[in-house]
Each structure stands twice: as structure tokens, then as C-alpha cells.
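Subject: Structure for your review

Hello,

Here is the structure we spoke about, with notes on what was found in it. Please look it over alongside the text below.

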Amino acid sequence: TEAVHVTGLFNEYGELLCIAEDIGRYNALDKVIGRALIKGLDLSRTVLALSGRMPSDMVLKIARADIPVAISVAYPTIEGIKKARELNVTLITVRDKIYVHSIPERVEI
């Protein structure tokens, strides 16, 4: 229905570690990061998938959680891309094709 945002956290093998839905994209992100930290997961080798766009403050949350890669169906903002480059976060959009906006060295297509 596109009424909620969803965020999922995956390990390096593509296995789902945590998932959350919320009407707010920030809340869904916070829930997933919180659940992962409560579980004591090492986030440095994970991939975050989310349904909303990623502005700079969301990228900052992702970087502070030590998540190296974030994928969305929505395009990030220009400021989000700048922040991702600054903080070494790979941002990817998957729509009609794959767009790697920052740190492409992590991606094999």
C-alpha cells in the first residue's frame, strides 16, 4: 500500500538480521539499528535496505552505527551523497537499474 516504510538489515551472506516497519522512515531505521545493537551484532559487515530516500542526517545515523552499505528504492538527496562520501558509506539506489552514488569500490555488479 506504500503506507509504511520498511528497513531491513542483512549480513554479508544476504541473511536477514532485523526488520522494522513504521510510518516514518527515520523510525524504521532507528528500530532496526536498536534491535541490532540489543542483539549485540557487529554492523561493520552488514547491508541496510530501506524504502525511503536518504538525506544527510539519515546517512549520519547509518555511519554512526558503522553500517558500510545502504540500499534504497528511492534516490538519496545530494547532501546525503556528499555526507556518504565524507563518512565512507556506500549509497545505492535500485530502480530500473543500479545506481552507486558513493564509494563504488565496495560493489561488484
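Lys61 has a relative accessibility of 28%, so it counts as partly exposed. The model is a predicted one. Lys61 forms a salt bridge with Asp30, with 2.7 Å between the closest N and O atoms. This pair joins distant parts of the chain, since Asp30 lies in helix H1 and Lys61 in helix H2, 31 residues apart. Asp30 is likewise classed as partly exposed because its relative accessibility is 35%.

The search of the whole structure gives 5 salt bridges. Another one of them is between Arg45 and Glu12, where the closest N and O atoms are 2.6 Å apart. Here too distant parts of the chain are linked: Arg45 sits in the loop between H1 and E3, Glu12 in the loop between strand E1 (5–10) and E2, and 33 residues separate them. Arg45 counts as exposed because its relative accessibility is 52%, whereas Glu12, at 41%, is partly exposed.

Asp22 and Lys31 also meet through their side chains in a salt bridge, at 2.8 Å from N to O. Asp22 has a relative accessible area of 15%, which is under the 20% cut-off, so this residue is buried. Lys31 is partly exposed at 33%.

On to helix H2 (residues 56–64). Its buried residues are Met58, Val59 and Ile62. Viewed down the axis of H2, they fall within an arc of 100°, so they line one face of the helix. The elements they pack against are helix H1 (25–38), strand E3 (47–50), strand E4 (69–72), helix H3 (78–87) and strand E5 (90–94). Just after H2, Asp66 adopts a positive phi of about 70°.

Strand E5 is mostly covered, with 4 of its 5 residues buried. E5 pairs with E4 in the parallel sense, over 4 bridges. Ser72 has Thr93, in E5, as its bridge partner.

Val6, Leu16 and Ile19 make a nonpolar surface patch of about 240 Å². Leu16 belongs to strand E2 (residues 16–22) and, at 46% relative accessibility, is partly exposed. Gly40 is in the loop between H1 and E3 and counts as exposed, at 60% relative accessibility. The C-alpha atom of Gly40 is 29 Å from that of Val94, which is 54 residues away along the chain.

Regards

Key. Residues numbered from 1 in each chain as written. Predicted model: local features only at pLDDT ≥ 70, side-chain atom pairs only at ≥ 80, totals over all residues. Heavy atoms only, no water. Patch = residues over 30% accessible without salt bridge, like charges linked within 9 Å, V, L, I, M, F, W, Y side chains within 5 Å. Areas by Shrake-Rupley, 256 points an atom, 1.4 Å probe, with all protein chains shown as cover. Salt bridge = Lys/Arg side-chain N within 4 Å of Asp/Glu carboxyl O. Helix = DSSP H or I, 4+ residues; strand = E, 2+ residues; numbered from the N terminus. Buried < 20%, exposed > 50% of the residue type's maximum accessible area, 1.4 Å probe, protein only. Arc of directions from axis to C-beta. Contact = heavy atoms within 4.5 Å. Pairing = 2+ DSSP bridges.
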